[in-house]
Amino acid sequence: MNTKNYILVCLALMLSFSMFPQQGKQKRADTLFNKFSFVKAANLYRELVQDNYNRNYATRKLADSYAFLRDPRNASRYYKSVVKQKDVPVEYYYKYAQALRGMKKYDESQIWLQRYKDSGGVLNTNDFSKDLNFITSVFGAKQQYFLDRVRFNSKYSDFGAFEHDDKVYFASSRDEGVAVKRLYGWNEEPFLDLYVTEAGSKKNVDYTAKVKGDVNSIYHDGPATITKDGKTMYFSRNNFKDNIELKDKKGLTNMKIYRATKVDSLWTNIEDLSINGDEFSTQHAALNTDDTKLYFTSDRPGTLGGSDIWTVDIASDGSLSNIQNLGNIVNSESAEGFPFINNEGVLFFSSDGQTGLGMLDIFATIKGEDDESIVDVINLGVPVNSNKDDFAFTMNENGITGYFASNRQGGRGSDDIYAYHREPVLHVEGVVTDAINMNPVAGAKITLYDDKGNEVAYMETDENGYYQINIDRNNDYKIVASQNKYIEDYREFTSKNIQTELITITGNLLLNPVQDVVKLAELNTNNLDYESNLIGEDSTSVKNAQLKPIYFDFEKYNIRKEYALELDKIVKLMTDDYPEMVIRIEAHTDSRGTFEYNDNLSTNRAKSTYNYLISKGVNASSISEYKGYGERRLINDCADGVSCNEKQHQLNRRTQFIVEKME
């Protein structure tokens with residue numbers, strides 16, 4: 001990390017979140033929590049607790065919010081209630097112990113650590129002895145980042161990697177493949193240059209991969225950042241003139257940020273920025289989401305510690321104005337640096353002054369009520385951070401993958417680039433629909449259960465029938481929709497073995513009215529005696545009548561013999577038992593094939609079902625409509641691009657019958 005220690009002053013991390021308008025208080029609270037907007041999330045969860053709405057769930061999330069806000073007093077207060085809940089996950093014993101430690105209640109903390117261990121929790125060897133900041137421990141308890149292999153590291157210093165237009169740019173002191181190397185006296189490694197290679201490339205990266213143009217000099221160059229349009233680069237470089245390093249009053253050569261423009265394929269027109277100075281360093285350029293603000297590291301006058309994170313506005317003509325220090329919540333009496341802002345406006349930085357796991361750690365900031373002020377910083381935890389220097393964090397446009405650098409053990413060089421992917425928050429969402437008129441059902445109660453039948457959470461659908469609930473990965477669940485005027489419906493689903501990039505599991509639900517109009521038969525139900533389930537409180541109602549599934553072969557629409565028997569039951573029902581009954585027929589396909597093909601196929605399935613019923617004596621006027629819906633109403637997650645077996649696809653090749661009138 002020696003090269004980095006000279007080129008930067010330290011490190012930085014910050015995170016900012018904007019609240020997106022949401023429907024429903026719990027949904028808004030969950031969204032804010034997922035975006036690390038813990039101040040606003042805590043306020044909403046507190047209201048839910050006061051209103052006694054989904055109290056257990058809200059209390060857990062409220063306690064977690066205070067933990068992330070580094071408020072052990074309030075966190076321990078609510079965790080104390082959480083650990084008394086029935087079937088509470090054992091991880092909350094651990095969280096409560098960490099909150100108690102933050103209150104310096106060490107003896108009580110160890111009691112709950114022991115209870116966590118006795119309940120099956122796995123403790124690290126230092127959990128009883130190492131006095132880490134409790135918020136870091138809680139945040140790191142659930143791993144969100146996972147490391148991936150990087151093939152372009154060298155035996156020298158490599159860091160500052162970021163992707164732009166499917167290429168990876170990074171700074172390196174490798175200078176491999178040249179006959180003469182100029183060594184930097186600090187660590188006897190070559191000076192840094194900027195390199196570029198194809199993202200995902202397995203080829204060796206040598207001097208031929210240096211960024212073309214005038215950005216690389218005989219001294220240190222890098223790291224860098226590029227505007228969204230790919231036309232402008234901001235990069236760090238030693239302060240020199242006419243190939244001679246310029247020294248400050250202390251005899252040190254400082255860093256400056258320069259700007260280059262891309263002409264054809266070359267980076268040229270190098271410009272010394274107005275924010276630079278000979279008596280202080282300015283480096284580690286980062287841009288906000290619309291390229292109107294430059295974040296950077298500097299030890300200029302007004303710096304609180306060794307180096308701070310600063311910002312400056314970029315006008316449309318490229319001029320810079322309004323230099324601001326980010327303040328003492330981000331900047332400490334030590335050193336901060338390497339800012340980065342992702343597509344959601346989250347600012348990451350590195351610091352050795354904030355409480356962390358080792359020397360330089362990577363952090364993120366939490367914004368306050370006004371979405372502008374910064375109220376705290378949060379440690380990204382392991383494996384991003386280690387007991388060594390961790391810095392230069394970036395995130396790709398997908399919000400899932402990215403890079404950072406570290407000099408931790410196990411690397412190839414003095415500083416190495418590490419790739420990561422993160423597990424985004426997963427949720428189940430869907431729309432509850434009236435099975436007769438297909439209108440959304442507002443105010444339906446949605447209850448989520450785990451695989452042991454324990455209630456995990458509940459909420460009500462909004463005016464569009466929509467719901468969304470956060471869930472954990474690698475679990476089995478059951479989601480139930482209910483409303484006074486309807487028969488409840490449910491779906492069982494799993495979050496096991498799903499792609500990391502997947503953030504949504506769809507669970508649409510159909511509710512059948514209790515009176516007058518109900519769903520008669522659906523293909524994904526068990527075989528029931530239809531007559532024993534007929535009749536509600538009056539003779540005009542059919543309640544919970546269900547028949548054995550009617551399936552079709554792949555790409556076929558003929559009625560299979562074994563399912564003709566089930567259609568014969570419907571014939572008897574409509575000709576003998578309820579001759580005034582009117583139904584409609586809806587047919588569906590699986591997701592394989594084009595939309596147009598599946599629309600035609602489902603229409604043929606609906607027509608073949610209609611023709612069969614008519615041929616057996618059902619009056620044509622008793623069938624109001626027969627219609628195919630193609631692959632638009634899948635009953636599971638087997639959409640295009642999802643790997644499913646034949647049995648799962650079979651469930652979608654179905655026909656259902658909707659009762660519109662009894663007499």
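Which residues have the most contacts inside the largest nonpolar core? In this predicted model, they are Tyr 45, Tyr 79, Tyr 145, Phe 348, Leu 380 and Phe 393, and the core they belong to has 47 residues.

Take Phe 393 as a way in. Leaving aside residues up to four places away in sequence, Phe 393 touches Tyr 145, Phe 340, Phe 348, Ile 362, Leu 380, Val 384, Tyr 403, Phe 404 and Tyr 420.

| Nonpolar core | Size | Some members |
|---|---|---|
| Largest | 47 residues | Tyr 45, Tyr 79, Phe 393 |

The protein has 663 residues, and 54% of them count as buried. If you look at contacts between residues at least 6 apart in sequence, 58% of them join residues at least 24 apart.

Now for some helices. Helix 2, residues 25-34, is mostly covered, with 7 of its 10 residues buried. Those buried residues are Gln 26, Lys 27, Ala 29, Asp 30, Thr 31, Leu 32 and Phe 33. What sits over them? The cover for the buried residues of helix 2 includes helix 3 (38-50) and helix 4 (55-68), along with strand 26 (455-460) and strand 27 (466-471).

Helix 4 also pairs up with helix 5 (residues 72-82): their axes come within 8 Å and cross at roughly 155 degrees. An angle over 145 degrees counts as roughly antiparallel, and helix 4 and helix 5 are therefore roughly antiparallel to each other. The crossing of helix 4 past helix 5 is left-handed. On the helix 4 side, the contact is made by Thr 59, Arg 60, Leu 62, Ala 63, Asp 64, Tyr 66 and Ala 67, while helix 5 brings Asn 74, Ala 75, Tyr 78, Tyr 79, Ser 81 and Val 82. By type, the residues of this contact split into 8 nonpolar, 3 polar and 2 charged. Tyr 79 of helix 5 turns up again among the residues with the most contacts inside the largest core.

Last, a loop residue. Tyr 207 lies between strand 6 (193-198) and strand 7 (221-226). Is Tyr 207 buried or partly exposed? Its relative accessible area is 37%, so Tyr 207 is partly exposed. Tyr 207 and Arg 174 are 33 residues apart along the chain, with 8.0 Å between their C-alpha atoms.

Note on methods:
Residues numbered from 1 in each chain as written. Predicted model: local features only at pLDDT ≥ 70, side-chain atom pairs only at ≥ 80, totals over all residues. Heavy atoms only, no water. Buried < 20%, exposed > 50% of the residue type's maximum accessible area, 1.4 Å probe, protein only. Helix = DSSP H or I, 4+ residues; strand = E, 2+ residues; numbered from the N terminus. Contact = heavy atoms within 4.5 Å. Axes fitted to C-alpha atoms, helices over the stretch in contact; angles between N-to-C directions. Parallel < 35°, antiparallel > 145°, perpendicular 65-115°, else oblique. Left-handed = near helix turned anticlockwise from the far one by under 90°. Nonpolar A, V, L, I, M, F, W, Y, C, P; charged D, E, K, R; others polar. Core = buried A, V, L, I, M, F, W, Y, C linked by side-chain atoms within 4.5 Å.
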